[in-house]
Amino acid sequence: MLNLNVSNHISPSLGSYARSQIISVLSTGIVVGRLEIKDSTGVLEFGDPAESKSTRHSASILVVNHDFWTRIYLAHDLGFAEAYMAADFHTPDLKQIFQVWLDNRKTLSPLSTMFDRVRYIISSLSNRLFGQTLSKSVENVVISYDCSNVFFKAFLSEDMMYSCALWTEEEGGIRGDLENGSLPGQLEAAQTRKIQHLLNKSRVRSGDRLLEVGTGWGALSIAAGKAGCTVDTLTLSVEQKKMADERILAAGLQDRVKVHLMDYRNLPPDFEHAFDGFIACEMFEAVGLKHHAEFFKMMDWALKRDRAAAVITATSQPEFRYSEYQATDYGRRYQWPNTFLPSATSFLETVQRSTQGRFVVDSVEDHGPHYPRTLREWGRRLEASWNSDLIDAVLKDQPTLKEGDNVNIFKRKWQYMYAYAEAGFARAYTSAYCWTLVRPEYVAALCD
């Protein structure tokens, strides 16, 4: 499942060389904050020691396997992620390491070696030119979502929403968990608010027909069905469809909500101009740049020609670092293969080119500040749920995790994701936008 062993393939001399090169870069590259690294030779300190008592970020690393240095030298940030998953090092606060890197990312750029730059170029070209084919989409869904329904239940809210929640002062706001602690039911309340917000933005009412691309475990489609809508929802995940069907049946909505094991590129002819509303919640990342225009044309084809609305949310890149060439990193290698993150403006430009003015922009919202708390809540829940019963259930669903240390690597992969994504969203290095598009002259409410 996860082959992270480099010791059997790399000579010890490369490890020593990698260590010396990395230390050289860190010595001049940490100019803001502080980093302490302990390994078998002693303690190394980088940055200003005085800043450990200031408001600047301070991080520490205990290296327990010499492979740590080799991984970073050969694969930079991806190598660091793999070193964490392989337990080559320990740290009391993984997020602090990301904070120090974000503070110093320009001066630490020499950490990217020739090996890493070649990998970067090849993977970014591959992602740009080939994108998400139908076969790749199915394979990637299996990797991302079919690992174990029991595992996802261990950290998600009761409704199984795997997307950014929306927090208000009722839960203490986006920092409420840090200032007042996390209370039972708060994640559920914030996710219910997110679902209702998306339904409100789509303007669907009782009797309307909604097309959802990306079922998840059925939370949004069930809520729409309860509101009186007829829903067709698409997924490529066999495991998600199975659970969504069970939950729809339990809610008595089987005549109103239908889950299709289907790609958006294979919609049946009777879907043409049949829908009042369209929602895609955090699945657009998996479409791939090559297929963005095709996706928007499908949306245009499926929605009614008049008085219809579309709501799409997605993790995105801010304009200052947006590129059409996005290389394989930790997220694309281990969590969401081949994903492509749009920027707020690139998204809208492609909509207009693809649909030739048949949609107007109703609103663009940045939900990014709400994501760090969502990720912290997921992390706490997984930690609280990680016991022998959960491990047995995960191993039953994924027998390959029984090999070696794979089950612990699997857990650390998710712990890494929570901290990695939290730091990115908290610093606006990564965004999460919600775009609402409507047919021309479709006013939200009477105003005269």
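Thr-436 is buried, at 0% relative accessibility; buried here means under 20% relative accessible area, exposed over 50% and partly exposed in between, with a 1.4 Å probe and protein chains only. This is a predicted model, in which local features need pLDDT of at least 70, side-chain atom pairs count only at pLDDT 80 or more, and totals for chains, interfaces and linings use all residues. Residues are numbered from 1 along each chain as its sequence is written, and side-chain values use heavy atoms, with hydrogens and water left out.

Back to Thr-436, which sits in strand β11. Helices (H or I, at least four residues) and strands (E, at least two) are DSSP runs, numbered from the N terminus. Setting aside neighbours within four places in sequence, Thr-436 contacts Lys-201, Ala-310, Val-311, Val-360, Val-361, Asp-362 and Ser-363. Contact means heavy atoms within 4.5 Å.

Now the sheet around that residue. Seven strands form an open sheet with mixed pairing, in the order β7-β6-β5-β8-β9-β11-β10. Two strands pair if DSSP finds at least two bridges between them. At the edges are β7 (257-261) and β10 (360-366), each pairing on one side only. Direction ignored, neighbouring strands are turned by 15° against each other on average. Angles run from 0 to 180 degrees between N-to-C directions, and axes are lines fitted to C-alpha atoms, for helices over the stretch in contact.

How many bridges join β10 to β11? There are six, and the two strands run antiparallel, β11 covering residues 431-438. Val-364 has Trp-435 of β11 as its bridge partner.

Next, the helices on the sheet. Helix α10 (residues 238-250) packs on it, touching β6 (230-235) and β7, and the direction of α10 makes about 165° with that of β7. Helix α13 (residues 344-355) lies across β9 (309-316), β10 and β11, at about 25° to β11.

For α13, 12 residues reach 17 Å from the first C-alpha to the last, close to the expected 16 Å at 1.5 Å a residue; the expected span is 1.5 Å times one less than the number of residues. Which residues of α13 are buried? They are Ala-344, Ser-346, Phe-347, Thr-350, Val-351, Ser-354 and Thr-355. The buried residues of α13 pack against α11 (292-302), β9 and β11. After α13 comes Gln-356, with a positive phi near 55°.

A helix pair next. Helices α2 (residues 67-85) and α3 (residues 94-103) pack at about 170°, their axes 13 Å apart. That makes α2 roughly antiparallel to α3; the classes are roughly parallel under 35 degrees, roughly antiparallel over 145, roughly perpendicular from 65 to 115, and oblique for the rest. His-76, Phe-80 and Tyr-84 of α2 meet Leu-94, Ile-97, Phe-98 and Trp-101 of α3. By class, that contact has six nonpolar residues, one polar and no charged. Ala, Val, Leu, Ile, Met, Phe, Trp, Tyr, Cys and Pro count as nonpolar, Asp, Glu, Lys and Arg as charged, and the others, Gly among them, as polar.

Last, two single residues. Gly-176 belongs to helix α7 (residues 176-180) and is buried, with a relative accessible area of 2%. Gly-176 and Arg-373 are 197 residues apart in sequence, yet 8.2 Å apart in space, C-alpha to C-alpha. Ser-27, in helix α1 (residues 12-29), is partly exposed at 48% relative accessible area. Between Ser-27 and Gly-47 there are 7.4 Å in space, C-alpha to C-alpha, for a separation of 20 residues in sequence.
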